Amino acid sequence: MKTTITYLLIVWSMAIHAQQALDTIFANDQMNVALFFPNPIRQGITGTNDFAFTYNREKEQYFGLLQANPGETSNLLAITRDGNVYSYILKYSKSLSKLNYFIQEYESIGNEKPKTIDALNTGDTVNIEDPKNHYYKRFSEYLLKTKSSSIASKRQKGIVLKLLKMVYNKDEVYLVMEIVNNSGIDFEIDYLNVSIAKGNKRHKASSQNVQQEVFYKYNMPRILECNELKKIVLVLSKFVLSKREKLHLELKELNGNRGLIVLNE
């Protein structure tokens, strides 16, 4: 019975990961489209013979070449040496605007080697990560590894809040931030709100802040200890600021009067 339950959970987990919206890669019969993966390719399969994905089957390499004949939409399933699975929609196009795709590890839809679920031995409830949250986590990890510089910052009472960058990806915007506690006292976070400040700065009565929903937080601490630095990522629905709008970040201390506001000019 334990084996059956484990198998069902694994299949369900892979199924919900596969429901993510897949990116589309265009190819034709005149040009080679190169796909560079973060790990060597172990296996690559296309859905129809109209599409050909070639890679070194004898010595694993990081790239494969894609060509296509006119035909129906298909798909590509690739597995790299580390077991990560990548899936893409394939379409034929006479003209190609992109010939090289550098695929990042966060684009993986899952891994072919399921992790052992030890909780089944004790009968505890098993929480399977939502596929969207899995994607947000992987992309946030990637963003924190890339270089960034401050585009807005505020320092008050030894607490520093910096907005390092705003990254648009699909239907979301990722806010990469840095919080530093140089106050000499631990800082317990009550909230970090994101809103859009609308209106004229000279006429405060006519201005308003429209709070934005943060539906995913990565590496967000509950307490920022003395002399600690944390880089975090907040994920929100995509928005574009007009000339009369500013991004408004407000950090507030729990059970204290410390706090600060950052406006991205």
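Which residues have the most contacts inside the largest nonpolar core? In this predicted model, they are Leu161, Leu175, Met177, Leu234, Leu249 and Leu251, within a core of 23 residues. Two or more residues of this core come from each of strand 11 (159–169), strand 12 (172–181), strand 13 (187–198), strand 17 (229–237), strand 18 (245–253) and strand 19 (259–264). Strand 13 gives the most, with five residues.

Leu249 shows what such contacts look like. Leaving aside residues up to four places away in sequence, Leu249 touches Leu161, Leu163, Leu175, Met177, Asn193, Val194, Leu260, Ile261 and Val262.

The aromatic rings are the next topic. A pair of aromatic rings is described by the distance of the centres and the angle of the planes. The model has 13 aromatic pairs. One of them joins Phe36 and Phe63, which are tilted, with 5.8 Å centre to centre and 35° between the planes. Because Phe36 belongs to strand 2 (residues 33–36) and Phe63 to strand 5 (residues 63–68), this pair ties together parts that are 27 residues apart in sequence. Phe36 is partly exposed, at 27% relative accessible area, and Phe63 is also partly exposed, at 35%.

Phe139 and Tyr142 form a stacked pair, with 5.9 Å between centres and 25° between planes. Both lie in helix 3 (residues 131–145), three residues apart, so about one helical turn separates them. Phe139 is buried, at 4% relative accessibility, whereas Tyr142 is partly exposed, at 30%. Phe139 and Tyr142 also belong to one aromatic cluster with Tyr106, Tyr135, Tyr136, Tyr174, Phe215 and Tyr216.

Definitions and conventions. Residues numbered from 1 in each chain as written. Predicted model: local features only at pLDDT ≥ 70, side-chain atom pairs only at ≥ 80, totals over all residues. Heavy atoms only, no water. Core = buried A, V, L, I, M, F, W, Y, C linked by side-chain atoms within 4.5 Å. Buried < 20%, exposed > 50% of the residue type's maximum accessible area, 1.4 Å probe, protein only. Helix = DSSP H or I, 4+ residues; strand = E, 2+ residues; numbered from the N terminus. Contact = heavy atoms within 4.5 Å. Phe/Tyr/Trp six-rings, centres within 6.5 Å; stacked < 30°, edge-to-face > 60°.
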